[in-house]
Amino acid sequence: MSRRVRDVDVGQIIAGKYALKRLLGVGAMGQVWAARHQELEQDFAVKLMVPATSEASIHAQEGEETALKRFRNEAQIAAALSRKSRHIVGVSDYGVDDGIAYLVMELLRGDGLERRIGSGRRLYPSEVSTVATQIARGLTVAHDEGVTHRDLKPANVFLTKTEEGELLVKLLDFGIARMARSIVQPNESRTPTKLTINGLVLGSPGYMSPEQAMADSPDARADVWSLAVVAYEGLAGATPFDAPGVDETILRICNFQPTPLSTLLPDASPALSAVFARAFTRNIAERFQTPTDFALALASALPQPSRELVSVRPPSPVNASQATEIAGVSLKVPMRSRKIVPAVTIGVALALALGAFVALRTSSRTPGEATPKTLASHQTPSATTPNIPPPQPSISAVMMDL
């Protein structure tokens, strides 16, 4: 390849039909652009594999030939899996144009999970369960086809919505996925290509399993470990192996030293703490063996939606006072409860006391004395005429209106 990153710019036409509109993001495998198909007049996301700019990048360590195979591998995997699960981003085109490999994906509307739970922000327990369940569905389809994602993290989880406005989770970036068998053209005689260099750690520190961190050959249970890390972060606002640096983080992972959930969520139930203790246990045979196993255990251990878990790392003040809306997908950030009931109770008590006072005044009049109602029918009320309030609703009625 001879093209450099700076040569890719707004307005450039890829493959004679995709006009680049704006840069959406930059990752280890290249850049992602919003692009317009000139003939269909539809918008797509176009991922471009550009030459490496750092010796520490995957491209530089693997070489351009292996990187290109990995890029094509991603296109084939995503295209095949997205036809079987709506929880995997769809890929519709792939090719190489003027030295730049590209793949075309559906352009999603919404936001990445990373923005929702970064910087200590959290989700409601019910929302964590919904996201984890949908991730598990996508991973299950991949695992059934012999594919291990190996880079599951909030940045690769996208939150969008269905036509009915319901939350829909999409898995992104199968760039370092591993195929145990070929899922493309199953009648073809070729065997899956091994794209991992021995000793090269692929994945994201903090979310990878111990087997992955030690550069072993992880199986599908590595994705289950990563799913548990994502769910933990969604609940607590921090990852279980959080450390000042990459080396310290990997050391904690390899030594199986997660922060107990109860440290960050003091009111977490023993059952919920036990779910994560099992997810991060040393013996891989004792962990959850499938994404579905973990998602079901998590949903069973979480409190009802009406009960909020209190974290020692609460949401940021900006998001603490109101629900947030992302392109029509609402994932509420925990709010402080409003103290309405005490105020209503005090108001009702005052109203009852005033009614009792008026009744006492009325009963103390002499038989010949006109009542306030009689006075009101014959003369203009004076300044001393008591102002009788209208009948007040009962306490039970007030409570029903809340």
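Visitor: Where is Tyr102 found?

Guide: Helices and strands here are DSSP runs (H or I, at least four residues, for helices; E, at least two, for strands), numbered from the N terminus. Tyr102 belongs to strand S6. Keep in mind that this is a predicted model, where local features need pLDDT of at least 70, side-chain atom pairs count only at pLDDT 80 or more, and totals for chains, interfaces and linings use all residues. Residues are numbered from 1 along each chain as its sequence is written, and side-chain values use heavy atoms, with hydrogens and water left out.

Visitor: Is Tyr102 buried or exposed?

Guide: The idea rests on relative accessible area: buried is under 20%, exposed is over 50%, and partly exposed is in between (1.4 Å probe, protein chains only). Tyr102 has a relative accessible area of 7%, so it is buried.

Visitor: Which residues does Tyr102 touch?

Guide: A contact means heavy atoms within 4.5 Å. Leaving out residues up to four places away in sequence, Tyr102 touches a list that includes Ile14, Tyr18, Val46, Lys47, Phe71 and Tyr94.

Visitor: How many residues of S6 are buried?

Guide: Six of its seven residues are, so S6 is largely enclosed by the rest of the structure.

Visitor: What about S4 and S6, in which sense do they pair?

Guide: S4 and strand S6 (residues 100-106) pair in the antiparallel sense, over six bridges. Lys47 stands opposite Leu103 in S6, and Val46 stands opposite Val104. As for burial, six of the eight residues of strand S4 (residues 42-49) are buried, so S4 is largely enclosed by the rest of the structure.

Visitor: How many bridges link S3 and S4?

Guide: Strand S3 (residues 30-37) pairs with S4 over seven bridges, in the antiparallel sense. One example is Val32, whose bridge partner in S4 is Lys47. The hairpin of S3 and S4 has four residues between the strands, and in it Glu41 takes a positive phi near 55°.

Visitor: Let's turn to helices. Where is Gln134, and what does its side chain reach?

Guide: Gln134 is found in helix H4. For a polar contact, look for a pair of N or O atoms within 3.5 Å; within protein, one must be able to donate a hydrogen and the other to accept it, and residues adjacent in sequence count only if both atoms are side-chain atoms. The side chain of Gln134 reaches the backbone nitrogen of Val169 at 2.8 Å. Gln134 is buried, with a relative accessible area of 7%. Apart from neighbours within four places in sequence, Gln134 is in contact with His87, Leu167, Leu168 and Val169.

Visitor: And how many cavities does a search of the whole structure find?

Guide: On a 1 Å grid over the protein atoms alone, a cavity is a set of points where a 1.4 Å probe fits but cannot get out, and lining residues have an atom within 4 Å of a point. Points are joined across faces, edges and corners, and the volume is the space filled by probe spheres set on them. The search finds two cavities of 30 Å³ or more.

Visitor: Which helices line the largest cavity?

Guide: Helix H3 (113-117), helix H4 (125-144) and helix H6 (221-236) each supply at least two lining residues. Among the lining residues are Leu113, Val128, Ile135 and Gly234.

Visitor: What lines the second largest cavity?

Guide: Its lining is Arg221, Val224, Trp225, Ala279, Ile284, Arg287 and Phe288. H6 gives the most, with three residues.

Key:
On a 1 Å grid over the protein atoms alone, a cavity is a set of points where a 1.4 Å probe fits but cannot get out, and a pocket is an open set with protein on both sides within 12 Å along at least five of seven lines; lining residues have an atom within 4 Å of a point. Two strands pair if DSSP finds at least two bridges between them.
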